[in-house]
Amino acid sequence: MRRQFYLASALVVLSLLGLCCTLWARDITEGSELLKNPTFERRAEGWLLRSAVPEPEVRHGASASVRLDGVEPGPQSWSHAGVAISPVPADRELRFDSHVRGHADGQKASVNVFGYDNDQDLTFMSSTPFDLVAGKWTKLTREYVVPPGTTTLTAWVINSTARPISVSDAHLRVGGPKKAGPRLPKRPKSGLLGWSRTAPLDGPGVVRARAQAAVATRGKDDVGVLRFPIPGTYRDQVPLTFDVKVEPPGALKSYRWVRRPDGRNWLCEVTVAPTEQGALVRWEALVLVGRGKDVPLPEAARAEAPGEAAPWTRSTACVQSDDAAIRDEAQELAKGTDGVEAYARRVIEFTAHHKGKEGVPFDALDARKGLDCGGSCTSRANLAAALLRAKGIPARTVAHLPTWSGPLYEHWLVEYWHPGAGWVWLESSLGQFRPLPCTLVVLGVANPEDEDRAFDPLQTRQVMPGAPHLSVHVGSETLHPAPQLGRRLEGAGNVAIIETRLSGTEAELAQLFSVARGAFETLVRECETGVANAARAESVRKALRSKKTTDLAAALRRDRPNEAK
């Protein structure tokens with residue numbers, strides 16, 4: 001198994017710790033089953049699924065199963081089914097068993113198990129690859145002994161191949177006493193690979209967003225340009241600081257912000273001259289996020305497409321809303337729905353659980369391919385947008401970094417136009433209606449023109465064809481990926497880390513966002529010339545220590561002396 005999947009799955013679990021299967025310590029005896037839902041019933045309730053779909057009709061014995069989709073090649077690409085258990089019996093044999101069925105000879109699956117203490121530091125970790133046989137169930141078995149101090153244990157079945165696998169009948173049972181080896185050393189307070197250890201945000205806060213790419217040139221003295229989509233002031237988010245770093249530092253020639261013609265999306269253009277080994281290019285920003293207003297949507301019997309939303313009603317290269325199969329599916333989903341909201345909910349219920357047809361290769365991210373094979377979060381967002389447009393509802397995809405995940409490439413959701421309310425978010429992979437704005441950092445909202453360029457030459461996009469143009473980083477023709485340098489990322493790719501949650505009254509929060517939007521204009525002027533104020537970043541970080549909105553507002557005002565007190 002590649003190490004990036006090993007570490008990344010350890011990181012993803014921290015978002016699951018609040019959802020642990022909890023057993024009282026007195027109930028844990030020899031032979032105890034530690035998994036609450038070992039047979040994946042009730043659509044795999046209690047399991048954390050990534051690019052995975054419950055398959056109640058595919059069974060091994062009495063157990064239902066989950067299909068882990070095949071994934072596109074790349075260091076941040078995998079699917080998984082995982083579960084967390086707390087408390088954990090230490091110094092006892094723990095036996096994990098699962099049955100996995102491959103879809104092609106030569107496939108591999110991996111079982112990753114991680115232990116954490118009360119500080120969410122790793123105490124124990126293990127990764128075991130297993131060979132699979134096409135069409136046959138293979139029993140995966142592994143025994144573990146975790147050290148004292150372990151309070152949470154997580155177990156994951158990982159698929160990092162291009163073909164799907166099915167997982168069924170998973171168990172974690174307690175055995176007899178056995179002495180564990182020494183625990184892993186505690187990590188620095190900054191966290192494993194810098195990822196947050198705080199609980200998910202459910203209100204206003206500040207998130208540290210980061211994206212990076214490893215690139216090289218074909219000629220010794222070549223210079224290239226990387227264009228990253230970066231956060232702007234969209235919905236309830238306002239960037240507060242921004243920085244660009246390149247390793248080695250001498251490879252950085254310049255950077256600048258560019259506002260795209262739509263006035264909504266921003267790019268950071270980084271000019272680099274990589275060494276023979278390449279260059280690691282990274283941007284990082286502190287972003288203020290809010291909770292949004294959770295008010296009921298007005299009833300809407302019919303779709304509307306006012307001028308500001310009308311462009312997102314047409315069919316495009318990756319959102320093929322005029323495709324006959326997609327239109328037929330939309331017609332089927334619309335049966336029995338009453339109004340726009342009901343249909344939107346029906347769409348994301350479908351995309352979250354749709355698995356496509358057996359045997360269809362996963363080789364593109366567009367809507368039609370998503371209908372055929374299920375695909376990834378990108379496929380499902382494109383498909384949801386196409387199904388909405390097929391019924392005349394304006395819809396567009398939103399590339400972002402979620403705070404609930406560990407490092408990944410990017411994630412996608414959909415927003416549709418609701419009459420009387422405007423754009424409404426839909427989590428098309430998880431089936432969530434109106435996810436909170438404070439759970440993610442938006443990088444870009446796809447325009448129809450971007451969708452029409454979803455099959456442009458790959459260059460350094462490092463994603464399958466079908467992702468909207470400039471929703472991911474793009475390199476000039478002189479640049480290409482540097483896989484040897486990219487392996488240094490150790491799974492820590494693009495990520496959104498919770499820096500702090502903020503406290504304050506509604507009035508104080510409103511004032512903070514007003515001041516922050518004014519400060520953003522100053523940041524824009526600096527970054528358009530590639531010279532961000534480092535002192536501002538330090539001032540913001542100091543103000544965040546108190547977690548008070550008033551202290552952060554005061555720090556932002558100090559950088560704008562003309563701002564009204």
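Visitor: To begin with, are Trp 312 and Trp 423 buried or exposed?

Guide: Trp 312 and Trp 423 are buried, one like the other; please keep in mind throughout that this is a predicted model. The word "buried" is used here for a relative accessible area under 20%.

A pair of aromatic rings is described by how far apart the centres are and by the angle that the planes make. The count of such pairs in this model comes to 10. One of them is formed by Trp 257 and Phe 520, a tilted pair with 5.9 Å from centre to centre and 40 degrees between the planes. Because Trp 257 belongs to strand S16 (residues 252-259) and Phe 520 to helix H9 (residues 506-527), this pair ties together parts that are 263 residues apart in sequence. Trp 257 is buried, since its relative accessible area is 3%, and Phe 520 is buried too, with a value of 1%.

Your two tryptophans, Trp 312 and Trp 423, form another aromatic pair, this one edge-to-face, with 5.7 Å between the centres and 85 degrees between the planes. Trp 312 sits in the loop between strand S18 (279-289) and H3, whereas Trp 423 is in strand S21 (residues 422-427), so here the pair ties together parts that are 111 residues apart in sequence. Ring pairs also build a cluster, which links Phe 242, Tyr 255, Trp 257, Trp 266, Trp 283 and Phe 520.

The loop that holds Trp 312 leads us to H3, and from there we can turn to the helices. Two packed helices are described by the angle between their axes together with the distance between those axes. Helix H3 (residues 324-334) and helix H6 (residues 377-389) have axes that come within 9 Å and cross at roughly 70 degrees, and H3 and H6 are therefore roughly perpendicular to each other. On the H3 side, Ile 326, Glu 329, Ala 330 and Leu 333 take part in the contact, and they meet Leu 383, Ala 386 and Leu 387 of H6. Sorted by class, the residues of this contact of H3 with H6 are 6 nonpolar, no polar and 1 charged.

H6 also packs with helix H4 (residues 340-353), at an angle of about 150 degrees and with the axes 10 Å apart. Angles over 145 degrees count as roughly antiparallel, and H4 and H6 are therefore described as roughly antiparallel to each other. The crossing in which H4 passes H6 is right-handed. H4 brings Tyr 343, Ala 344, Val 347, Phe 350, Thr 351, Ala 352 and His 353 to this contact, while H6 brings Arg 380, Leu 383, Ala 384, Leu 387 and Leu 388. The classes in the contact of H4 with H6 are 9 nonpolar, 2 polar and 1 charged.

The remaining pairing is that of H3 with H4, which pack at an angle of about 120 degrees with their axes 9 Å apart, and that makes H3 oblique to H4. H3 passes H4 in a right-handed crossing. Here Glu 329, Ala 330, Leu 333 and Ala 334 of H3 meet Tyr 343, Arg 346, Val 347 and Phe 350 of H4. In this contact of H3 with H4 there are 6 nonpolar, no polar and 2 charged residues.

Finally, let us look at the backbone. Most residues other than glycine have a negative phi, and most peptide bonds are trans. Against that background, the peptide bond from Ser 86 to Pro 87 is cis, with omega near -5 degrees, and Pro 87 is found in the loop between strand S5 (79-86) and strand S6 (92-101). Another cis peptide bond joins Glu 247 and Pro 248, with omega about -5 degrees, and Pro 248 is placed in the loop between strand S15 (243-247) and S16. Ala 44, although not a glycine, has a positive phi of about 60 degrees; Ala 44 is part of helix H2 (residues 41-44), and it is buried because its relative accessible area is 3%. Ser 51 is not a glycine and yet has a positive phi of about 50 degrees, and its place is the loop between strand S2 (48-50) and strand S3 (52-60). With a relative accessible area of 23%, Ser 51 is partly exposed.

Key
Residues are numbered from 1 along each chain as its sequence is written. This is a predicted model: local features need pLDDT of at least 70, side-chain atom pairs count only at pLDDT 80 or more; totals for chains, interfaces and linings use all residues. Side-chain values use heavy atoms; hydrogens and water are left out. Axes are lines fitted to C-alpha atoms, for helices over the stretch in contact, and angles run from 0 to 180 degrees between N-to-C directions. Helices (H or I, at least four residues) and strands (E, at least two) are DSSP runs, numbered from the N terminus. Angles under 35 degrees count as roughly parallel, over 145 as roughly antiparallel, 65 to 115 as roughly perpendicular and the rest as oblique. Contact means heavy atoms within 4.5 Å. Ala, Val, Leu, Ile, Met, Phe, Trp, Tyr, Cys and Pro count as nonpolar, Asp, Glu, Lys and Arg as charged, and the others, Gly among them, as polar. A crossing is left-handed if the near helix is turned anticlockwise from the far one by less than a right angle, and right-handed if clockwise. Rings of Phe, Tyr and Trp (its six-membered ring) pair if their centres lie within 6.5 Å; planes under 30 degrees apart count as stacked, over 60 as edge-to-face and the rest as tilted. Buried means under 20% relative accessible area, exposed over 50%, partly exposed in between (1.4 Å probe, protein chains only).
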